[in-house]
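Work through the following exercises with the structure open beside the text.

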Amino acid sequence: MLIIHYYCGTIQISQKEINLEKLQRIASTGIPEGGNLRATVWKLILGYLPPSRDLWEKELSENRKKYAKLKEELLLTPSELARMKEEAFQSNEHNNAHSDTAGPLIRHEISHEDHPLSLGKASVWHQYFEHTEIAEQIDRDLQRTHPEMKFFSGESSFGRKHRESMRNVLLLFSKLNPAIRYVQGMNEVLAPLYYVFSTDTDEKNASNAEADSFSCFVLLLSDSVDHFCQQLDNSSVGILSTLSRLSDLLKANDEELWRHLEFTSKVKPQYYGFRWITLLLTQEFNLQSILRIWDSLISSPFGIQEMLLRVCCAMLLCVKSRLLSGDFAANLKLLQHYPEINIEHLLQVAQDLTPDTSYYRMSS
């Protein structure tokens, strides 16, 4: 069956115009390792690549150039940026000047707000130093990203290169989203994307993994970024509302287990579901299992967030007997250190769940 789906997926992405609905159905059953199939399928389903193959090269080129420009504008130190501007200015002056004209060199004054010792909040240096603290937090978190994998860890040149690329993506996201900035754990959400794109067998794509990861990271978080914003916790788009939906989904599918967790052992979704949902399950499984789960999340016709809630609910159902026999301490430990499980079985349980119709009634 897997081989059939592999060929179907390959046929789908080799067509001139890709049928995204068909591709989603195939991808939801799992994308084989190796090659560049998963990287291409994820880019297509997330909307980074258009369905028309003829447009791929142009879209990729434009998006990668935009990313390079953003990096130049936002990740250089103010002195580096000033030097580049000065060089460009002098180059233009030189080109425009007559060859027989000689004059004094012009010294360009640095405004007070652009001085490194300026304390003003509008100062580019103040903003730079502010983001230096965020960069240090990102660096600490990246050191803890899949430490068991040489791809991410260690002091080898490629390990450092990967961490530097991920650091650029996260720092750029932080600067472009000042209301949210960087939140601890975003490194874990970025890791699967960056890993898949970096291990693409197409060398040109692999060399542009940083730029592609940035765009797809933004697209992936587009419908869940509010979960990272503390001010929205109690709103309809905040994490508490989503945790409530998880509880309602469990109740709709297994009231006995729901009652035991809510009232007997008193293990509320906030104690385990917060991390499951905000980090898209990246802390609960090894990377290979995460990639398989994400095949289903990204390609789900229900949408990423809806499928995520289904998988979270299925995780509870798959350890039901242990939860029913456990007290608060035992159940909390079990759900915060989820046991190894057959991923295909878990995803099938998630797929077969009865939706929580009360949510759809409220939404309509």
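**Exercise 1: helix 8 against helix 10**

In this predicted model, helix 8 passes helix 10 in a right-handed crossing. Task: at what angle do helix 8 and helix 10 pack, and which residues meet?

Step 1. Helix 8, residues 186-198, and helix 10, residues 209-221, pack at an angle of about 130°, and their axes lie 9 Å apart. Angles over 145 degrees would count as roughly antiparallel and those from 65 to 115 as roughly perpendicular, so helix 8 is oblique to helix 10.

Step 2. From helix 8, the residues Met186, Val189, Leu190, Leu193, Tyr194, Phe197 and Ser198 meet a set in helix 10 that includes Ala209, Asp212, Cys216, Phe217 and Leu220. Sorted by class, the residues of this contact between helix 8 and helix 10 comprise 11 nonpolar, two polar and two charged.

**Exercise 2: helix 7 against helix 10**

Task: describe how helix 7 and helix 10 cross, and classify the residues of their contact.

Step 1. The axes of helix 7 (residues 157-176) and helix 10 come within 10 Å and cross at roughly 45°, and the two helices are therefore oblique to each other. Helix 7 passes helix 10 in a right-handed crossing.

Step 2. The contact of helix 7 with helix 10 has nine nonpolar, two polar and one charged residues.

**Exercise 3: the whole chain**

Task: how many helices and strands does the protein chain have, and what share of its residues is buried?

Solution. The protein chain has 19 helices and zero strands, and 45% of its 364 residues count as buried.

How values were computed. Residues are numbered from 1 along each chain as its sequence is written. This is a predicted model: local features need pLDDT of at least 70, side-chain atom pairs count only at pLDDT 80 or more; totals for chains, interfaces and linings use all residues. Side-chain values use heavy atoms; hydrogens and water are left out. Axes are lines fitted to C-alpha atoms, for helices over the stretch in contact, and angles run from 0 to 180 degrees between N-to-C directions. Helices (H or I, at least four residues) and strands (E, at least two) are DSSP runs, numbered from the N terminus. Angles under 35 degrees count as roughly parallel, over 145 as roughly antiparallel, 65 to 115 as roughly perpendicular and the rest as oblique. A crossing is left-handed if the near helix is turned anticlockwise from the far one by less than a right angle, and right-handed if clockwise. Contact means heavy atoms within 4.5 Å. Ala, Val, Leu, Ile, Met, Phe, Trp, Tyr, Cys and Pro count as nonpolar, Asp, Glu, Lys and Arg as charged, and the others, Gly among them, as polar. Buried means under 20% relative accessible area, exposed over 50%, partly exposed in between (1.4 Å probe, protein chains only).
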